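Visitor: Could you take me through how such a model is read, feature by feature? I would like the general idea before each case.

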Amino acid sequence: MASYQPKKEWRGRTKIADIQTFVDQIHMIDVHEHLPTQAMRAKDQVGFFDLMHYLDSDFVSVGADREALKRFSALEKKEKAAYFLTYYKKCSNTHYAKLLKKALEDLYDFNDWSVEGILALDERITAFSKDPELYQKVLVDKAKIDLAITLIITTNVNLDYFLPVLFYDDYFHVRCAEDLHKLEKETAEQVSDFSAYLALIDKVMEQHIVAGCPAIKLGHAYFRTLEMTEPCLEKSEKVFLMMKNKQEALLKEDDYRTFEDTLIHHIIQKAAAHDLPIQIHTGLQETSVSGDGNDLRHARAAHLIPLFLKYPQARFVLLHASTPYIYEYAAIVKNFPNVYADMTWTYGISPSLAEQALELLTDMVPQTKIFGFGGDYNHIEGTYAVSKVARQVLAKVLKRRIETGYFSEEEAKNFALHIFRNNAIDFYKLNGLEKGAVL
Ligand SMILES: [Zn+2]
């Protein structure tokens, strides 16, 4: 693994009394984003309509066309701006809307919510996307994020800002010969039988480790249940060969399920053997991403309990606090030594829910098992805005704990350093990054 240096001389040691000020000056390790590299952003000439991300879901929820504001939409920019304003007015109360507003106000000094104002802003954002200092200015200087673990499609990222994590869904969510062929093409490998297919997955994982990936990610809660059946190599081999021979029409859902589950078991076993953490999406699915196929009930962290029992040596990170099932989530993380809490995205969905989740985790889960911040955004404007909220939520919880005598001031600061920085450095083995300490 590569080693990483903090961007600034940050000692992480302070005597500042006010807990909000203390939390505000922590240089965070951001444990989960979907950020493109700066080069990708410049190439795509990202503008205003590329910043919709989560707000898109609220627009869909209130009846907007899913595609209207997308890049390939038939609408002209002026029409898009008018369309945006129509739906923004209906959604301006939601936290996703508030986050966009905050990002635009703070980073672009924007307050002209008219068609003309948005078109002018779009030009400014597109110009800013080409600024070679963009990520330094926003992520590091303004959001005080030393390093972000980002879910991305390549391991070729600027390690000054990011560590890449890749989805493994494509390796088990395979439905036909075409899917297999696509994977063969991507990996430049030929797979003739199931054991060769397993070896291909092993090889990919080893390549990811060498490239500096600190974890793997499973996102299957978006398209199926987290519930698992037992692996069956024999049946999976048959399914594999039938797909390979283009006999998919003869396969039933149950066959695919065995195939997928067998591969998920294999991926977990391999990750555990490499001591590589396994990040799993739990809870709320984003409608703008998952279409109409959402079924929240499939995504409860509780479905994963048999896996936690079966693989005590694996390290499972449960993303998003299984929102909204935060009570059972806290109980699961409390009980299993191989399961870790991750607050990613919760502050964006709802600061009040995030606050409740943090309160529960503070009571129930050892502080070395909680990862306190991940923005889960696909643009740095969102990451910046939600990082501000996360700092406010944590400081609010800690202030209350200090006032009631639950934490001394020093304990509260230690807790903050653990969940915003130190735990990530230890857990993801980020050698070279300095941990914070209270004087
Ligand atoms: Zn994510």
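Predicted model: local features only at pLDDT ≥ 70, side-chain atom pairs only at ≥ 80, totals over all residues.

Visitor: Is Ala273 buried or exposed?

Guide: A residue is buried if 20 or more other C-beta atoms, placed from the backbone, lie within 10 Å of its own, exposed if 12 or fewer, and partly exposed in between. Ala273 is exposed, because 12 other C-beta atoms lie within 10 Å. Ala273 and Gln313 are 40 residues apart in sequence, and their C-alpha atoms are 8.3 Å apart in space.

Visitor: How is the chain divided into domains?

Guide: The bounds come from an automatic or database domain assignment, which gives domain 1 (19–38 + 133–427) and domain 2 (46–129). Their centres, taken over C-alpha atoms, are separated by 28 Å. Counting two residues as in contact if their C-beta atoms, placed from the backbone, lie within 7 Å, 18 residues of domain 1 touch 18 residues of domain 2.

Visitor: Which elements give two or more residues to the side of domain 1 that touches domain 2?

Guide: They are helices H7 (134–142), H13 (287–290), H16 (346–349) and H18 (380–403), and H18 gives the largest share, six residues.

Visitor: At what angle do H4 and H6 cross?

Guide: Axes are lines fitted to C-alpha atoms, for helices over the stretch in contact, and angles run from 0 to 180 degrees between N-to-C directions. Helix H4 (residues 77–91) and helix H6 (residues 115–129) cross at roughly 120°, with axes that come within 9 Å. H4 is therefore oblique to H6, given that angles under 35 degrees count as roughly parallel, over 145 as roughly antiparallel, 65 to 115 as roughly perpendicular and the rest as oblique.

Visitor: Which residues make this contact of H4 and H6?

Guide: H4 contributes Lys77, Lys78, Ala81, Ala82, Phe84 and Leu85, which meet Val115, Ile118, Leu119 and Asp122 of H6.

Visitor: And what is the angle between H3 and H5?

Guide: Helix H3 (residues 53–61) packs against helix H5 (residues 95–108) at about 140°, with the axes 8 Å apart, so H3 and H5 are oblique to each other as well.

Methods:
Residues numbered from 1 in each chain as written. Helix = DSSP H or I, 4+ residues; strand = E, 2+ residues; numbered from the N terminus.
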